[in-house]
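Here is a short briefing on one protein model. Look at the structure first, then work through the points below.

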Amino acid sequence: MNILNFRSNRNLNAYKISLNIKKFIDSWTNQTYIKNLIKKLSYISKIPTNILSYEIKQILSGNFRFSEGKFTNKLALKSTVYDALIFFSLLTYSMIFSKSNFKKKNFNIIVDDVEQEDQAERFSKVLKLSKNSALICKKKVIFKKENSEKFNIVRNDVFKIYNKNFFIGIKFKLFLFFFHILFISIKNNLNLFFIFNKLFYKIIDSETLFSKLNSKVLITDRFYRTSAIKNYIFKRNGGLITSCIQKNICEFSISFFINIDIFFSLGNNYPVLLKKLGCKIKKFVPVGSLFMEAMWHEQKKDLKKVPISDVLIIGLNYANAPERMYIDKAHYEIYYEHIDW
């Protein structure tokens with residue numbers, strides 16, 4: 001079962017196409033050689049196999065090119081050398097630049113995956129619910145002076161000092177695992193480093209982050225950025241509840257394998273399709289939209305300046321994500337036809 005040979009039947013509707021993709025990912029992940037690699041990494045990292053398997057499913061669903069009806073070409077064997085070098089470099093760097101004496105900070109709420117200042121501003125009222133809260137910024141987001149003083153900002157870049165305790169007793173095993181991935185990749189004519197690079201980074205990143213931070217609640221801004229590994233390590237380090245905000249409607253292409261305790265939804269009727277697409281969500285809590293609150297209710301408005309329209313089209317931003325918008329053959333024509341109307 002070569003994942004690169006899979007093609008979605010674009011003559012079907014978007015719902016059936018998505019179900020077929022989910023079914024294929026479940027079957028592919030259940031292959032013996034994938035399960036054996038997962039078991040080896042589970043033994044090394046002390047993370048259960050079902051968590052690692054679920055993370056792989058999240059990775060694969062996020063790298064399906066709907067406009068082409070196939071998975072990313074980065075899984076092809078020709079990309080193995082490049083990704084193997086990345087794995088080896090990350091492994092070596094994280095071992096050399098590491099320490100064990102992190103001073104742990106305690107919080108009640110932390111908001112993860114902040115990449116822009118306006119994200120932080122949208123969460124300002126949420127963070128005020130607790131005097132002890134923090135924002136985790138992956139990139140070097142530039143904050144205005146007033147926001148720098150208002151928010152407790154934790155930087156979490158790729159190039160950082162990693163948690164040395166994680167590597168105790170497993171350094172040699174990780175290097176052996178590198179060669180095992182290489183052997184299995186060549187044997188199966190597939191670049192498995194593309195998947196296991198992401199798994200390994202998610203593990204060492206989360207192990208490092210939550211060795212420095214302890215919180216009762218973790219909030220992820222976008223439901224399609226949830227992570228089974230992050231959730232597990234967060235709780236293993238004392239976390240209680242993981243949650244996410246519904247920023248977007250639950251489109252087929254971004255709603256596979258969501259893993260979270262609480263899904264703060266836009267409305268009372270939660271999307272039934274999420275269960276069909278392999279999601280594991282314990283509870284839906286309707287709260288409305290943080291976007292609507294920040295960009296409309298909290299803004300000073302002069303309704304007289306709003307132009308009068310006979311028809312208002314509220315649609316998807318196709319220009320920025322064509323690879324996941326054109327799910328089936330009819331989708332493209334229908335979208336532009338309704339604008340033509």
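A search of the whole structure finds 26 aromatic pairs. Rings of Phe, Tyr and Trp (its six-membered ring) pair if their centres lie within 6.5 Å; planes under 30 degrees apart count as stacked, over 60 as edge-to-face and the rest as tilted. The model is predicted: local features need pLDDT of at least 70, side-chain atom pairs count only at pLDDT 80 or more, and totals for chains, interfaces and linings use all residues. Residues are numbered from 1 along each chain as its sequence is written, and side-chain values use heavy atoms, with hydrogens and water left out.

**Aromatic rings**

- Phe223 and Tyr224 form an edge-to-face pair, 5.6 Å centre to centre with 85° between the planes.
- Phe223 is buried, because its relative accessibility is 1%. Tyr224 is partly exposed, at 32%. (Buried means under 20% relative accessible area, exposed over 50%, partly exposed in between, with a 1.4 Å probe and protein chains only.)
- Ring pairs also build a cluster from Phe6, Phe24, Tyr54, Phe64, Phe66, Phe71, Phe256 and Phe257.

**Charges over rings**

- A charge sits over a ring if NZ of Lys or CZ of Arg is within 6 Å of the ring centre and within 35 degrees of the ring normal.
- The charged end of Lys198 sits over the ring of Phe194, 4.6 Å from its centre.
- Lys46 lies over the face of Tyr43, at 5.3 Å from the ring centre.

**Helix 2**

- Helices (H or I, at least four residues) and strands (E, at least two) are DSSP runs, numbered from the N terminus.
- How far should the 14 residues of helix 2 (residues 32-45) span? The expected span is 1.5 Å times one less than the number of residues. That gives 20 Å, and the end C-alpha atoms are 20 Å apart, so the two agree.
- Its buried residues are Tyr33, Ile34, Leu37, Ile38, Leu41, Ser42, Ile44 and Ser45.
- The buried residues of helix 2 pack against helix 1 (14-29), helix 3 (49-62), helix 8 (171-187), helix 9 (193-212) and helix 10 (228-236). Contact means heavy atoms within 4.5 Å.
- Lys39 is in helix 2 too. Lys39 is exposed, because its relative accessible area is 52%.
- The C-alpha atoms of Lys39 and Asn132 are separated by 38 Å, and the two are 93 residues apart along the chain.

**Helix 10**

- The buried residues here are Ala228, Ile229, Lys230, Asn231, Ile233 and Phe234.
- Their cover includes helix 3, strand 4 (105-114), helix 9, strand 8 (213-220), strand 9 (241-245) and strand 10 (259-265).
- Ser227 caps the N-terminal end of helix 10, with a side-chain oxygen 3.4 Å from the backbone nitrogen of Ile229.
- Gly238 follows helix 10, and its phi is positive, near 105°.

**Two more residues**

- Thr80 lies in helix 4 (residues 80-96). Is Thr80 buried or exposed? Thr80 is buried, because its relative accessibility is 4%.
- Thr80 touches Leu182, Leu190, Asn191 and Phe193, leaving out residues up to four places away in sequence.
- Asn269 lies in the loop between strand 10 and helix 11 (273-276). At 75% relative accessibility, Asn269 is exposed.

**Confidence**

- pLDDT is the predictor's confidence in each residue, from 0 to 100.
- The protein averages 90, and 97% of the residues score at least 70.
- Confidence is highest in helix 2, at 98, and lowest in helix 13 (residues 322-325), at a mean of 68.

How values were computed: A polar contact is a pair of N or O atoms within 3.5 Å; within protein, one must be able to donate a hydrogen and the other to accept it, and residues adjacent in sequence count only if both atoms are side-chain atoms.
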